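Please open the structure in a viewer and keep the selection panel at hand. The stops below go chain by chain.

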Amino acid sequence: MEETLKSLANNFKEKEGNIISLLQETQDAFGYIPEEAVYWFSKELDIPASNFFGVATFYAQFYLKPRGKNIITACCGTACHVKGSDRIINNLKRELNLADEQNTTEDKKFTLEQVACVGACSIAPVVIINKRVYGKMSTDKMARELKVLKEGSDE
Amino acid sequence: MNKNITIQVCMGTGGIAAGGLEVLDAFESLMKEKNIPAEFKKECSMHKVGCRGLCARDVLVDVIADNRRTIYQYIKPEMVERIVDEHVVGGNPVSEWQVDEDYHKFHEKQVKVVLSDCGNIDPEDINAYMAVDGYKAVEKVFTSMTPEEVIDMMKKSGLRGRGGAGFPTGVKWEACRKAEASQKYIICNADEGDPGAFMDRAVIEGNPHAVIEGMVIGAYAIGASKGYVYIRAEYPLAVERLKKAIKDAKERGFLGKNIFGKGFDFDIKIKLGAGAFVCGEETALIASIEGQRGMPRAKPPFPVHRGLWGKPTVINNVETLANIPYIIKKGHEWFSSYGTEKSKGTKVFALTGKVKNTGLIEVPMGITLREIIYDIGGGIEGGKALKAVQTGGPSGGCITPDMLDINVDYESLAKVGSIVGSGGMIALDEDDCMVNVAKYFLQFTQSESCGKCVPCRIGTKRLLEIMDRITKGSGRQGDIELLEKLSSDIKAASLCGLGQTAPNPVLSTIKYFREEYEAHLQGKCPAKACREMLTYHIIEEFCKGCGACLRACPAGAITGEKKKPHKIAPEICIKCGACFDVCKFKAVGKE
Amino acid sequence: MKKLKVTIDGKTIEVPENTTVLDAARMLDIQIPTLCHHPKLTPFGGCRLCIVEIKGIPRPVTSCTTPVSDGMEVTTSSPQIEDLRKTVLELILSDHPNDCMVCEKAGDCTLQELAYFYGIRENRFGGERRVYAKRDGNPFIERDMEKCILCGRCVKVCDEVQGVGAIDFTYRGFKSKICPPYEKDLNCEFCGQCVAVCPTGALTGKQWSLRGRQKDIKEIDTTCPYCGTGCNITLHVRRNEVVRITSREDTWNEGWLCVKGRFGYKFINSPDRLKKPLIRIKDRSNSLNDIFREASWDEALDYIATRLNEIKSKHGADAIGGLSSARCTNEENYLFQKLMRAAVGTNNVDHCARL
């Protein structure tokens, strides 16, 4: 970990220092932003840890906890909303046993995220499963995809 | 066999989601497999193109044979073989897969400036852009125009910011040009965050070089040596194409040091947004590029005087910038020949919702809303009645069917309480509850409030709470008036555009659909969309006892024997609507 | 410097460039309510209470962030402005515990005072309130974040004045919260500058808790005894006991103190505090058994003079060294080195303030 952090910090020092970019790179490297990383950067770069935490909690894209193996992103844009994204999300939450504010399942196999708009409104409702965009989603289609993922992740 | 064949596969985010990559693969492997002669192959080019608007019909494939273009819709990989056999080799287009009349109608009333090259050129190939006179505008500007002349031309063209506020681009540039500083910046705002809007994504995916060219011209006009594109990370394809475009432009000398030997340096960096709608606001965007929390600050001072790192900065939207090369090349008279007196040129809209043809459209300013909805959009799906058109997304308002002949331009829309905004346009039909729609937008803005100022942080929360209780059937007398009062106070007292416009959907729906609010207060949702206010029951005479609803019910509220009418226990029912969705016999009723 | 003419509520004044409308109004002794503004910190513009109308600008603007321009005409109070201010206050109070009866800050709270002036009793906007179960376990600063109005003064003072950055805004929107990284307990210098600038009961001193209301307290201005810096402080005294220390903004130290000056006052009333000189009586076999006996000042000083002379004559002056204290004034320290050099005759003199 230390090696990775060092190279990220060097990168930061060379370019015009930008906390957001640093956090983005950190998340790319670890899948989330580990607390140790924040304190390490804070010491190394002499930037208060509070700044990192403030920025990381402001932007929706940053994760302070490890995410699931499968990432399902449901679009909640207007077009998706009027075409029933709510129901898809509610079903998913039920299927994955997720409480209201919970995003990742206990077994860390699934993370369900909601984004404002992925800009693919013509094929609403849209769900992104592990970076692949699925258009014209329905609860049925979603249930089928979820079954495939569940079987896949049991192996 | 045909000669000179070009196959174009639509490869925007929509196209890829519908299987565009697989379709292109299928074409390529078939050509190989069928051992189509080498000579032919040389003359048959295949390439990806950006979005051409009608994403609902993806995957769209164009086969151009001997200068005749045939457009296929809904193409899947397994259909490719027949197209190759019959059309490419045999010379006979597959007629039943071609686009229908609607497709042409969709394009007929549109005027394409910004999108003129989208969907025709390979966005990943700088040569393709240059083949359609790309970078000729930069050449013209650097070889024959002074910065002042460029600014003058922009002012004369009447181009106004396409990001929402509609501020004249030339005036903005002039203010920044006049500001004295050792360093200036130009920023392309590609933080398109309105739910239901995807113009900027499509433009960058389809023609990234036009945006870069616009930025170079802007930089020259204001005297900026550095530029940033602030783009959403949710648009990975757009980012990738933009990166490649910047690299290619640099190699050709359109970016970098000493452009056209004029001693002018300009370079562009990409900054990825991190998921905050408020960063579309200029001062928040600047804070975000500086690496800080995207909290807006009060204006004045304006960014053209004190912007990024305290230096004069121009921030232009993607669509605004993509217009610029075309204005330079074709002249301001050409540009201002489109549009109305105060709104010149064209505007790209993301037409979505309940119209038949959803997609990206570009229309001259001043076109009527009726033309957009009925001619381009093809009318409402399923023969239902249009209830309203929502424009401007979460900052906008709605327009009712009796106002359909309104001209779509900045002033006319503002007059009826809506806005052009960044270009989201959503058609709503009788199944949509206006209270619910307003609540949806408010939910969005409330969750995107940065939290800096009180009216937005707490005010939108309170607004949403009131809206929430109304849609759940527990609204109180006086709630509508309270909504109006609180909305107007939030608008007046909030710090930035987000808070100042967040109550618009509420005010606009109260203005035109007050009776729907009143119905909710009396416990009825006329559109039957607010699920907490409904009760589900099974209509015995239609129920076949198939058990589909019983299996679908997540709460176990449905009981019944096979082939006998089922029953819903209202005390267990969680009103999710799953039974309503799965019933094939319309035997589930909601009241 | 260029002077700009501005008219506020009919009164005209000339101000230097970059003066804000708020500052200009204060020069004219026109009151504009504020919560997030602090004269020593960069303007924030978040509370929206200081909004005013400016001729030619369609919407109200915050006077704390808007620089005066020449010929500007400002109205600081109108039915519409007062109405907006009232709404803003009601919104703040709708997300506030409103437990002034037991709040440490009552009587000295800007929010409470504004609610009083605007006569807010009922609230049209009741709703969800932020609830935080966790308490900060640090020894000095009570952080009741439910009372925080997110004015950001604490964040700015910590960053701009103290240069520490122990806290920052976190999360966003209604869930915004000012806290240390990862919402841990505060772990900083505990200078308490944040406590000094907090306009509500969100930040208070733990030591002050339940030590009396303002009406029972006598304020006495004095100088901090901790070091030669000599910050001006104000002792808050109740029944002859110091229960709190603050510093006024109009002092030369601008109201800023350090952890010792602000919180280190318990020694004053400590039973362990030395009030009379003690002379050590040595136990020759074991120094742990030494005892101290009280003496008068005359006796103690005589004893010191005699012993110093003895040592000097036996071992020379350089066998003696003197250590002074940072808690003495510059003058006292000057006299002490003079004593060592001139009277004792050695340069062996030093001081603990080489911190």
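Select chain A: among its contacts (heavy atoms within 4.5 Å) between residues at least 6 apart in sequence, 64% join residues at least 24 apart. This is a predicted model, in which local features need pLDDT of at least 70 and side-chain atom pairs count only at pLDDT 80 or more, while totals for chains, interfaces and linings use all residues. Residues are numbered from 1 along each chain as its sequence is written, chains are lettered from A and ligands numbered from 1 in the order in which they are written, and side-chain values use heavy atoms, with hydrogens and water left out.

Stay on chain A and colour by secondary structure. There are 7 helices and 4 strands, where helices are DSSP runs of H or I with at least four residues and strands are runs of E with at least two, numbered from the N terminus. Their order from the N terminus is α-α-α-α-β-α-α-β-β-β-α. Along the principal axes, the C-alpha atoms of chain A fill a box of roughly 50 × 35 × 25 Å. Of its 155 residues, 56% count as buried; buried means under 20% relative accessible area, exposed over 50%, and partly exposed in between (1.4 Å probe, protein chains only). The chain exposes about 7200 Å², with 47% supplied by carbon and sulfur atoms (Shrake-Rupley method, 1.4 Å probe; for residues, only the protein chains shown count as cover).

Now select residues 49–58 of chain A, which form helix α4. How many of the residues of this helix are buried? The count is 10 of the 10, so helix α4 of chain A is largely enclosed by the rest of the structure. Among them are A:F52, A:F53 and A:F58. To see what covers the helix, show α2 (19–30) and α3 (35–45) of chain A, and then β7 (168–170) and β8 (177–179) of chain C; the buried residues of α4(A) pack against these elements.

The interface has 1 salt bridge by the rule, which asks for a side-chain nitrogen of Lys or Arg within 4 Å of a carboxyl oxygen of Asp or Glu. Select A:R132 and B:E22 to see a salt bridge with an N to O distance of 3.6 Å.

Within chain B, centre on B:I315, in strand β8 (residues 313–317). B:I315 counts as buried because its relative accessibility is 4%. Leaving aside residues up to four places away in sequence, B:I315 touches B:K172, B:I187, B:N189, B:E282 and B:I286.

Finish on chain C, which has domain 1 (3–77), domain 2 (211–270), domain 3 (274–308) and domain 4 (316–355). The centres of domain 1 and domain 2 of chain C, taken over C-alpha atoms, are 34 Å apart. Then select C:I304, in helix α7 (residues 297–315) of chain C. C:I304 is partly exposed, at 45% relative accessible area.

Methods
Domain bounds come from an automatic or database domain assignment.
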